[in-house]
Amino acid sequence: MICDGKIFDGDGRGKSYLIKGLHQIVKYAHDYGQHTAYLVIYNLTDKLLDLPTDGTPGAWPPYAELAGVRVYFIHVRVLPPTTTASKAGKATRVVIAHDDLANPDIT
(Lines give C-alpha, C1' and ligand atoms only; values in the text may rest on other atoms or scores of the structure.)
Protein backbone atom coordinates (compact mmCIF):
# COMPACT_ATOMS: atom_id res chain seq x y z
CA MET A 1 0.00 0.00 0.00
CA ILE A 2 1.29 3.44 -0.93
CA CYS A 3 0.33 6.23 1.47
CA ASP A 4 1.58 9.79 1.83
CA GLY A 5 0.46 12.79 3.82
CA LYS A 6 0.40 16.46 2.90
CA ILE A 7 -0.35 19.54 4.98
CA PHE A 8 -2.78 22.10 3.55
CA ASP A 9 -2.32 25.52 5.14
CA GLY A 10 -3.87 27.57 2.33
CA ASP A 11 -0.69 29.58 1.74
CA GLY A 12 2.69 28.03 0.88
CA ARG A 13 1.11 24.62 1.14
CA GLY A 14 -2.03 25.34 -0.82
CA LYS A 15 -3.86 23.91 -3.78
CA SER A 16 -0.83 23.53 -6.08
CA TYR A 17 1.10 21.83 -3.26
CA LEU A 18 -1.65 19.20 -2.95
CA ILE A 19 -1.74 18.63 -6.70
CA LYS A 20 2.03 18.15 -6.80
CA GLY A 21 1.65 15.73 -3.87
CA LEU A 22 -0.91 13.76 -5.85
CA HIS A 23 1.50 13.42 -8.77
CA GLN A 24 4.27 12.44 -6.35
CA ILE A 25 2.20 9.61 -4.88
CA VAL A 26 1.29 8.37 -8.38
CA LYS A 27 5.01 8.24 -9.16
CA TYR A 28 5.62 6.25 -5.94
CA ALA A 29 2.86 3.83 -6.93
CA HIS A 30 4.43 3.31 -10.37
CA ASP A 31 7.87 2.85 -8.80
CA TYR A 32 6.52 0.07 -6.56
CA GLY A 33 4.14 -1.52 -9.07
CA GLN A 34 1.00 -0.51 -7.16
CA HIS A 35 -2.38 0.55 -8.56
CA THR A 36 -3.86 2.02 -5.37
CA ALA A 37 -2.58 4.84 -3.18
CA TYR A 38 -3.84 7.02 -0.35
CA LEU A 39 -3.19 10.73 0.01
CA VAL A 40 -3.92 11.97 3.52
CA ILE A 41 -4.54 15.71 3.56
CA TYR A 42 -4.12 17.46 6.92
CA ASN A 43 -6.18 20.65 6.62
CA LEU A 44 -4.89 23.34 8.99
CA THR A 45 -7.36 25.97 7.76
CA ASP A 46 -11.02 26.75 8.22
CA LYS A 47 -11.51 26.23 4.46
CA LEU A 48 -13.36 23.24 3.06
CA LEU A 49 -11.57 21.22 0.43
CA ASP A 50 -13.71 20.19 -2.51
CA LEU A 51 -11.84 17.22 -3.97
CA PRO A 52 -12.49 15.57 -7.34
CA THR A 53 -13.90 12.09 -7.49
CA ASP A 54 -14.19 9.49 -10.18
CA GLY A 55 -16.60 7.60 -7.92
CA THR A 56 -20.14 8.33 -6.85
CA PRO A 57 -20.47 12.01 -5.87
CA GLY A 58 -20.70 12.30 -2.10
CA ALA A 59 -19.22 8.85 -1.46
CA TRP A 60 -16.35 8.62 0.98
CA PRO A 61 -13.49 8.58 0.43
CA PRO A 62 -13.33 10.41 -2.87
CA TYR A 63 -10.78 9.12 -5.34
CA ALA A 64 -9.22 10.03 -8.65
CA GLU A 65 -7.79 7.76 -11.32
CA LEU A 66 -4.53 9.14 -12.64
CA ALA A 67 -2.10 7.31 -14.93
CA GLY A 68 -3.49 3.90 -13.96
CA VAL A 69 -3.43 4.57 -10.21
CA ARG A 70 -6.52 5.04 -8.05
CA VAL A 71 -5.67 7.63 -5.41
CA TYR A 72 -8.02 7.90 -2.44
CA PHE A 73 -8.18 11.27 -0.69
CA ILE A 74 -8.41 11.14 3.09
CA HIS A 75 -9.22 14.68 4.24
CA VAL A 76 -8.57 15.42 7.93
CA ARG A 77 -9.63 18.73 9.47
CA VAL A 78 -6.91 19.17 12.07
CA LEU A 79 -7.88 22.35 13.88
CA PRO A 80 -11.10 22.63 15.85
CA PRO A 81 -13.58 25.30 14.76
CA THR A 82 -12.87 28.74 16.21
CA THR A 83 -16.56 29.56 16.48
CA THR A 84 -19.95 27.93 16.13
CA ALA A 85 -21.28 27.10 12.67
CA SER A 86 -24.12 29.59 13.01
CA LYS A 87 -21.68 32.45 13.73
CA ALA A 88 -19.07 31.40 11.18
CA GLY A 89 -21.34 31.83 8.18
CA LYS A 90 -20.72 30.13 4.88
CA ALA A 91 -17.39 28.32 4.69
CA THR A 92 -14.83 29.19 2.04
CA ARG A 93 -14.24 26.33 -0.39
CA VAL A 94 -11.05 25.45 -2.18
CA VAL A 95 -11.98 23.47 -5.27
CA ILE A 96 -9.60 21.03 -6.88
CA ALA A 97 -11.12 19.95 -10.19
CA HIS A 98 -10.16 17.11 -12.53
CA ASP A 99 -8.68 19.64 -14.96
CA ASP A 100 -6.33 20.85 -12.21
CA LEU A 101 -4.83 17.36 -11.96
CA ALA A 102 -3.58 17.25 -15.56
CA ASN A 103 -0.36 19.19 -14.97
CA PRO A 104 0.98 19.90 -11.48
CA ASP A 105 3.20 22.75 -12.72
CA ILE A 106 0.38 24.93 -14.09
CA THR A 107 -1.54 25.67 -10.88
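The points below concern the nonpolar core, a surface patch and the salt bridges of this predicted model.

1. The largest nonpolar core comprises 21 residues, and those with the most contacts inside it are Leu 22, Ile 41, Leu 49, Val 71 and Phe 73. Two or more residues of this core are contributed by each of β1 (2-8), α1 (15-31), β2 (36-43), β4 (63-66) and β5 (69-77), and the largest share, six residues, belongs to α1.

2. Once residues up to four places away in sequence are set aside, Phe 73 touches Leu 22, Leu 39, Ile 41, Leu 51, Pro 52, Pro 61, Pro 62, Tyr 63 and Ala 64.

3. On the surface, a nonpolar patch is formed by Ile 7, Tyr 42, Leu 44, Val 76, Val 78 and Leu 79, which together have about 440 Å² of accessible area. Of these, Leu 79 is located in the loop between β5 and α2 (85-88) and is partly exposed, its relative accessible area being 47%.

4. The count of salt bridges comes to four. One of them joins Asp 4 to Lys 6, with the closest N and O atoms 3.7 Å apart, and both Asp 4 and Lys 6 are buried.

5. Within helix α1, Lys 27 and Asp 31 lie four residues apart, about one turn of the helix, and form a salt bridge whose closest N and O atoms are 2.9 Å apart. Lys 27 is partly exposed at 49% relative accessible area, and Asp 31 is partly exposed at 48%.

6. Arg 70 forms a salt bridge with Glu 65, the closest N and O atoms lying 2.6 Å apart. Here Arg 70 is partly exposed, with a relative accessible area of 27%, and Glu 65 is likewise partly exposed, with 39%.

Conventions: Residues are numbered from 1 along each chain as its sequence is written. This is a predicted model: local features need pLDDT of at least 70, side-chain atom pairs count only at pLDDT 80 or more; totals for chains, interfaces and linings use all residues. Side-chain values use heavy atoms; hydrogens and water are left out. A nonpolar core is a set of buried Ala, Val, Leu, Ile, Met, Phe, Trp, Tyr and Cys residues joined through side-chain atoms within 4.5 Å. Buried means under 20% relative accessible area, exposed over 50%, partly exposed in between (1.4 Å probe, protein chains only). Contact means heavy atoms within 4.5 Å. Patches are made of residues with over 30% relative accessible area and no salt bridge: like charges are joined within 9 Å, nonpolar side chains (Val, Leu, Ile, Met, Phe, Trp, Tyr) within 5 Å. Accessible areas come from the Shrake-Rupley method with a 1.4 Å probe; for residues, only the protein chains shown count as cover. A salt bridge is a side-chain nitrogen of Lys or Arg within 4 Å of a carboxyl oxygen of Asp or Glu.
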